[in-house]
Number of protein chains: 2
Amino acid sequence: MFYTVGEAAKILGVAPSTLRYYDKEGLLPFVERSESGLRMFKESDMDWLKLIGCLKATGMPIKGIRRFIECAREGDGTIGERLKILEAQRESVKNQISELERHLKMIDYKVWYYKTAQSLGSTSAMESYKTQGSQD
Amino acid sequence: MFYTVGEAAKILGVAPSTLRYYDKEGLLPFVERSESGLRMFKESDMDWLKLIGCLKATGMPIKGIRRFIECAREGDGTIGERLKILEAQRESVKNQISELERHLKMIDYKVWYYKTAQSLGSTSAMESYKTQGSQD
DNA sequence: TATTGACTTAAAGTATAGTTTAACTTATAT
DNA sequence: ATATAAGTTAAACTATACTTTAAGTCAATA
């Protein structure tokens, strides 16, 4: 029915200390404790942690995630704010993808450059290919 | 013909202190100095800095970038290593994009969830829609 | 019941990537 | 010539996100 912090950490692929840190930072107010103070992670807590992982992996800082969690605890009055946060994050992720695709093009070019240089035996033999933004 | 550190920083959209930090970390061994010790950035240095910016933006740590720069200084014997570094970085970027696209799907779902909840006036009214991985 | 492994907290430590400060020098404009 | 804006360094400071340590408690097993 419940997972300990170690079990939850294993399932999520993070260190137990990371979950304790998140708790300390106010990211896990929903996790209940046993009478003796041990954390008890429910299935729904794991769902929250997956969302936290998603927001974290897409670059939202701990404080931003905490705000979202706080909103959820505050109830229906914050649906608008939660929506705004998620829509902003969606735009951010789209921009991150665009940026990475742009950088990927440059890396692809460099890979081509070095492959050709390798076949020619030197980078100086590449002089004739050189255009903008290319060097060794 | 040459840019000062402030001019170079402005063109690249970074702080002058960032360029000095990169220099200290061995990322800019190609930047020459005036007789009095001022950095003089050439056009080709700016090209290097754009590549450094690309590698940094795609998650390569400073030490990794330094290794690449060192290779380039060592000459044609390191073409193979430079190619390996760039091919690994290309794979890394592709994985980052895939991960972001995966996360984007979850965020898209959450945006839909809150939009619907907003129109219904509450998240509890969403019960009937709930499937895996969804909570407030 | 005693041991062992996992849990608890607070506080200190680590890693990465810069930024800021202090004291000083150089370059440009009046 | 001189003020000022921007350059120089080393060293200290900041931010973020954890991780590790220390001292102690809890839970399961032989």
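**Notes on the DNA contacts, a helix and the salt bridges**

1. Let's start at the DNA: an N or O atom in the side chain of A:Thr18 sits 2.4 Å from a phosphate oxygen of DNA strand D. For reference, a polar contact is a pair of N or O atoms within 3.5 Å; within protein, one must be able to donate a hydrogen and the other to accept it, and residues adjacent in sequence count only if both atoms are side-chain atoms.

2. Before going on, some ground rules. This is a predicted model, where local features need pLDDT of at least 70 and side-chain atom pairs count only at pLDDT 80 or more, while totals for chains, interfaces and linings use all residues. Residues are numbered from 1 along each chain as its sequence is written, chains are lettered from A and ligands numbered from 1 in the order in which they are written, and side-chain values use heavy atoms, with hydrogens and water left out.

3. Which residues come nearest to DNA strand D? Of the 18 around it, they are A:Thr18, A:Ser36, B:Gly6, B:Arg20 and B:Arg39. Here a residue is near a strand if one of its heavy atoms lies within 4 Å of it.

4. Helix 2 of chain A gives the most, with four residues. Helices (H or I, at least four residues) and strands (E, at least two) are DSSP runs, numbered from the N terminus.

5. Now helix 1 (residues 5-12) of chain B, where B:Val5, B:Ala8 and B:Ala9 are buried. Buried means under 20% relative accessible area, exposed over 50%, and partly exposed in between (1.4 Å probe, protein chains only). The three lie on the same side of the helix because they cover an arc of only 100° around the axis, taken from the directions from the helix axis to the C-beta atoms. The buried residues of this helix pack against helix 2 (16-24), strand 2 (39-40) and helix 3 (43-57) of chain B, with contact meaning heavy atoms within 4.5 Å. Just after the helix, B:Gly13 takes a positive phi of about 75°.

6. How many salt bridges are there over all chains? The search finds 22, each being a side-chain nitrogen of Lys or Arg within 4 Å of a carboxyl oxygen of Asp or Glu. One of them joins A:Arg67 and A:Glu81 (2.9 Å, N to O). This pair links distant parts of the chain, with A:Arg67 in helix 4 (residues 62-74) and A:Glu81 in helix 5 (residues 79-120) of chain A, 14 residues apart.

7. Chain B has a salt bridge between B:Glu32 and B:Lys42, with the closest N and O atoms 3.4 Å apart. B:Glu32 lies in strand 1 (residues 32-33) and B:Lys42 in the loop between strand 2 and helix 3, so the pair ties together parts that are 10 residues apart in sequence. B:Glu32 is partly exposed at 47% relative accessibility, as is B:Lys42 at 22%.
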